[in-house]
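Visitor: Before we look, I would like each label in this tour to be set against the rule behind it. Please show me the structure and then let me ask how each conclusion is reached.

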Amino acid sequence: MRTQVAIIGAGPAGLLLSHLLGEQGIDSILIESRTQEYVLSRIRAGILEHSTVQLLDEHGLGERLHREGHEHRGIYLQWPEERHHIDFRDLVDRSVWVYGQTEVTKDLVAAREKAGQQIYYDVSGTALHDVESDDPYVTFTDASGNAMRIDADVIAGCDGSFGPSRAAMPDAVRNTWERVYPYSWLGVLADVAPSTDELIYAWHQDGFAMHSMRSSTVSRLYLQVPNGTDIDTWSDDRIWDALATRLGHGQNGWTLNPGPITEKSVLPMRSYVQTPMRHGNLFLAGDAAHIVPPTGAKGLNLAVADVALLAPALAQMLRGKGTESADTYSDTALRRVWRCTHFSWWMTTMLHTGDNPFDTQLQLSQLKWVASSEAGAMGLAENYAGLPIGF
Ligand code: FAD
Ligand code: DHB
């Protein structure tokens, strides 16, 4: 098979890239190691920043988001006995939307199916070849066991943190930066109306807790737990008790409503950046190039921002209209990647507790400053609601 862009990975980055390229008349073929059912049901991020929503709207992908999603003006930041609203609308005139990554993926898959996009699901043995040449190609085994080959002008590595693309860059050219955090998140999905109108990020001496949501009837909640936590040691009752304590049930008249838990899992947390994001005719986008801890709600939004730069750059290059944007893609994308890497680290270290009493005092001092100073709150608001795509 031959195509202009071979895209590895049908997560948000790969699907959106094929959509934006398709609009520009550029052909692509997507390959994905999971089944379509798996891709459409996995539960991940929940918050779309301002420019992500704008981009989805501009490309005909925002209809259901506006119908079923919920716009939030800001977030609550809290520590024991104190809850403060950080109002992004007032501070930076931007908002965020609660609309799960699962829903974004469904909308993208529907749009690609309508456009007749070729997607191979359930593939194995994906390998990248000759990425430094003008004739790169990808090999894989399809769901029926046939050996396949895609010849392309360009390969887009959108295969997340476990895919083969990032390692297809030779060791001599790639640099990596990493921080592993000494805690994880226990995340639950519960069939109960949210007990809050907007997300609550809570510092507590027992550990961080967060109250998010997916709809008016489904809540999404997280608890800081030690690395290596066995999910079986957390019964539903233990989870709700810890959430009640850390989120301040009973304080200032606020109550947390428990309900049936339908999904629970433990997520490790790390920061990771690999540079450059382009080598020869291989371009990386999304989690294939960078991972952030989830506290700043940036992972999905960063993937979208990469692709928003990459699609027009590839279209320009493949039409023979110049390689300028493709040549600057890595440097341009990395400006935002490092900004979000810093913001995610900053939110994470401000809110997760450890055993160092000095750090505890610094965290509380920082929280009080952010909540009481317009300059402090504005910094959080600008980063959380998201910088413009071209930042
Ligand atoms: P992915 O969504 O990972 O997509 C990559 C795709 O490539 C996958 O479908 C994968 O199956 C496929 N693939 C992998 N290897 C191969 C191969 N060899 N061949 C073909 N295909 C391959 N972010 C937040 O902001 N908030 C959250 O709450 C949050 N929760 C998360 C929970 C989990 C468990 C994970 C893993 C991530 C979470 N994230 C969260 C991060 C966010 O979901 C990611 O940043 C986002 O999915 C990035 O999109 P992507 O398309 O770059 O990568
Ligand atoms: C969600 C996840 C996040 O990491 C975050 O910062 C906000 C919301 C969520 O899953 O809803």
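This is a predicted model: local features need pLDDT of at least 70, side-chain atom pairs count only at pLDDT 80 or more; totals for chains, interfaces and linings use all residues.

Visitor: How many residues surround ligand 1, and which are the closest?

Guide: Ligand 1 is surrounded by 33 residues, the closest being Gly-9, Gly-11, Gly-160, Gly-286 and Gly-299. Its shell divides into 16 nonpolar, 11 polar and six charged residues, and helix 1 (12-23) and helix 8 (299-318) each supply at least two residues of it.

Visitor: Why is helix 1 called mostly covered?

Guide: Of its 12 residues, 10 are buried, among them Pro-12, Ala-13, Leu-17 and His-19. What covers the buried residues of helix 1 includes strand 1 (2-8), strand 2 (28-31), helix 6 (101-114), strand 11 (147-157) and helix 8.

Visitor: Which residues of the largest nonpolar core touch the most other members?

Guide: In this core of 112 residues, they are Leu-17, Ile-155, Ala-156, Ala-285, Val-307, Leu-310 and Leu-314. The largest share of the core, 14 residues, comes from helix 8. Leaving aside neighbours within four places in sequence, Ala-285 is in contact with Ala-13, Leu-17, Ala-156, Cys-158, Ala-303, Asp-306, Val-307 and Leu-310.

Visitor: What makes Ile-231 exposed?

Guide: Ile-231 has 12 other C-beta atoms within 10 Å, and a residue is exposed if the count is 12 or fewer, so Ile-231 falls at the limit and is called exposed. Ile-231 lies in the loop between strand 15 (219-226) and helix 7 (236-247), and, not counting residues up to four places away in sequence, Ile-231 touches Lys-264, Ser-265 and Val-266. Ile-231 and Lys-264 are 33 residues apart in sequence, yet 7.7 Å apart in space, C-alpha to C-alpha.

Visitor: Why does Asp-93 count as exposed, and why does Asp-122 count as partly exposed?

Guide: Asp-93 has 10 C-beta neighbours inside 10 Å and therefore counts as exposed. Asp-122 has 17 such neighbours, and because 20 or more would be needed for buried and 12 or fewer for exposed, Asp-122 counts as partly exposed. Each has a positive phi without being a glycine, about 55° for Asp-93 and near 60° for Asp-122. Asp-93 lies in the loop between helix 5 (88-92) and strand 7 (96-98), while Asp-122 is found in the loop between strand 8 (118-120) and strand 9 (124-129).

Visitor: Where is the kink in helix 9 centred?

Guide: The kink, of about 40°, is centred on Ser-330. Helix 9 (residues 324-351) reaches 41 Å from its first C-alpha to its last, close to the 40 Å expected for its 28 residues at 1.5 Å a residue.

Key
Residues are numbered from 1 along each chain as its sequence is written. Chains are lettered from A and ligands numbered from 1 in the order in which they are written. A residue is near a molecule or strand if its C-beta atom, placed from the backbone, lies within 6 Å of it. Helices (H or I, at least four residues) and strands (E, at least two) are DSSP runs, numbered from the N terminus. Ala, Val, Leu, Ile, Met, Phe, Trp, Tyr, Cys and Pro count as nonpolar, Asp, Glu, Lys and Arg as charged, and the others, Gly among them, as polar. A nonpolar core is a set of buried Ala, Val, Leu, Ile, Met, Phe, Trp, Tyr and Cys residues joined through C-beta atoms within 7 Å. Two residues are in contact if their C-beta atoms, placed from the backbone, lie within 7 Å. The expected span of a helix is 1.5 Å times one less than its number of residues. The bend at a residue is the angle between axes fitted to the seven residues ending there and the seven starting there.
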